[in-house]
Amino acid sequence: MKIQERTGAGGGRSSVPAQPMAGERLPAPPRERKPALAALAVLLILVGALGATMLVLRAGDRIEVVKVTAPIPAGGSVSKANTASVLVAADAGVHYIPWDQLSGLMELKAINAIPAGVVPVGEMFAAETGVAAGQATVGLSLKEGQYPNGLAAGDLVAAYRVGSTTGTGSSTGSSDSSSSGAGTTLIVDKAKVTFVKSTASSGEVISSTNLPVTLTVDSTKAADLAQAAAAGQVALVLIPSS
């Protein structure tokens, strides 16, 4: 009886499936491939690389243009002494003046005053076309004291008629009073200095101490200004350009 029970018990154990040994892994199901996501990742990488390349290329697209290094008054011109070359990013919407066109720019005049440090554009200059309609130029010969120191082309001035310091007649008291009147009358409230004779740079010697000055004024004021200038009764006062 005991032998049969053991045999039956042994047979029962053999029918139970064997358990996997410790350390063994169950087979994993195969991963699902997603080619669309892979293609998208590659595309994003390419777009990023292309964008970085374009930025580098644009940053390196520089042109050599004119830069103003010293103030240029209205009506003045550029020269090698008041300009320098500088590199800027090319921009089709900005009319920079190429450095190799400096010689041609010297023949043009500044429409308005240009401060130092500015990179000018073509719209700041124009060809000198002479006197505009409704204006006239008047030449003056001024003594010291009739003009402010440092007067230069492009400045704006007011012109006054001042009484003569010496009498032109002595026969009557009324004649002396009219010729040496102390009153001051405004002739032109705003005139542009278009020329001032300068001898400092040229070393030229002038026998007269008078300063030749040319003003551009409204044509209706030209006759009065010329008459006062002929009598030596004009004094200029510098006014703000704004």
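## Around Thr216

Setting aside neighbours up to four places away in sequence, Thr216 is in contact (heavy atoms within 4.5 Å) with Gln135, Ala136, Thr137, Ala191, Lys192 and Thr194. The residue belongs to strand β8, which covers residues 211-218; helices here are DSSP runs of H or I with at least four residues, strands are runs of E with at least two, and both are numbered from the N terminus. Thr216 counts as buried because its relative accessibility is 14%, where buried means under 20% relative accessible area, exposed over 50%, and partly exposed in between, with a 1.4 Å probe and protein chains only.

A word on the basis of all this: the model is predicted, so local features need pLDDT of at least 70 and side-chain atom pairs count only at pLDDT 80 or more, while totals for chains, interfaces and linings use all residues. Residues are numbered from 1 along each chain as its sequence is written, and side-chain values use heavy atoms, with hydrogens and water left out.

## The chain as a whole

Of its 242 residues, 21% are buried. Among contacts with a separation of 6 or more, 70% are between residues 24 or more positions apart. The exposed surface comes to about 16,900 Å², with 58% of it supplied by carbon and sulfur atoms; areas come from the Shrake-Rupley method with a 1.4 Å probe, and for residues only the protein chains shown count as cover.

The mean pLDDT of the chain (the predictor's confidence in each residue, from 0 to 100) is 76, and 67% of residues reach 70 or more. Residues 165-181 have pLDDT below 50, and this stretch makes 12 contacts in the model beyond near neighbours in sequence. Residues 199-207 are also below 50, with 4 contacts beyond near neighbours in sequence.

## The five-stranded sheet

The strand that carries Thr216, β8, is part of an open sheet of 5 strands in the order β5-β8-β7-β6-β9, with antiparallel pairing; two strands pair if DSSP finds at least two bridges between them. At the edges are β5 and β9, each of which pairs on one side only. From one strand to the next, the twist averages 40°.

Leu156 has Lys192 of β7 as its bridge partner, and Ala159 stands opposite Val188 in the β7 strand. Another 6 bridges join β6 to β9, again antiparallel, and here Tyr160 stands opposite Ala235. Helix α5 lies across β5, β6, β7, β8 and β9, at about 15° to β5; axes are lines fitted to C-alpha atoms, for helices over the stretch in contact, and angles run from 0 to 180 degrees between N-to-C directions.

## Nonpolar cores

In soluble globular proteins, nonpolar side chains tend to be buried together. A nonpolar core is a set of buried Ala, Val, Leu, Ile, Met, Phe, Trp, Tyr and Cys residues joined through side-chain atoms within 4.5 Å. The largest in this chain has 23 residues, and Leu140, Val213, Leu215, Leu225, Val234 and Leu236 have the most contacts inside it. Two or more residues come from each of β5 (135-142), β6 (156-162), β7 (184-196), β8, α5 (219-230) and β9 (234-239), with β7 giving the most, 5 residues.

Take Leu215 as a guide: beyond residues up to four places away in sequence, its partners include Val138, Leu140, Val157, Val193, Leu225 and Leu236. A second, separate core has 10 residues, among them Val78, Leu102, Leu105 and Ala110.

## Either side of β3

Which loop holds Leu108? Leu108 is in the loop between α3 (102-105) and β3. The residue is partly exposed, with a relative accessible area of 27%. Leaving out neighbours within four places in sequence, Leu108 touches Gly76, Ser77, Phe125, Ala126 and Ala127.

Asn112 sits in the loop between β3 (109-110) and β4 (125-126). Is Asn112 buried or exposed? Its relative accessibility is 54%, so Asn112 counts as exposed. With neighbours within four places left aside, Asn112 is in contact with Ile72, Pro73 and Ala74.
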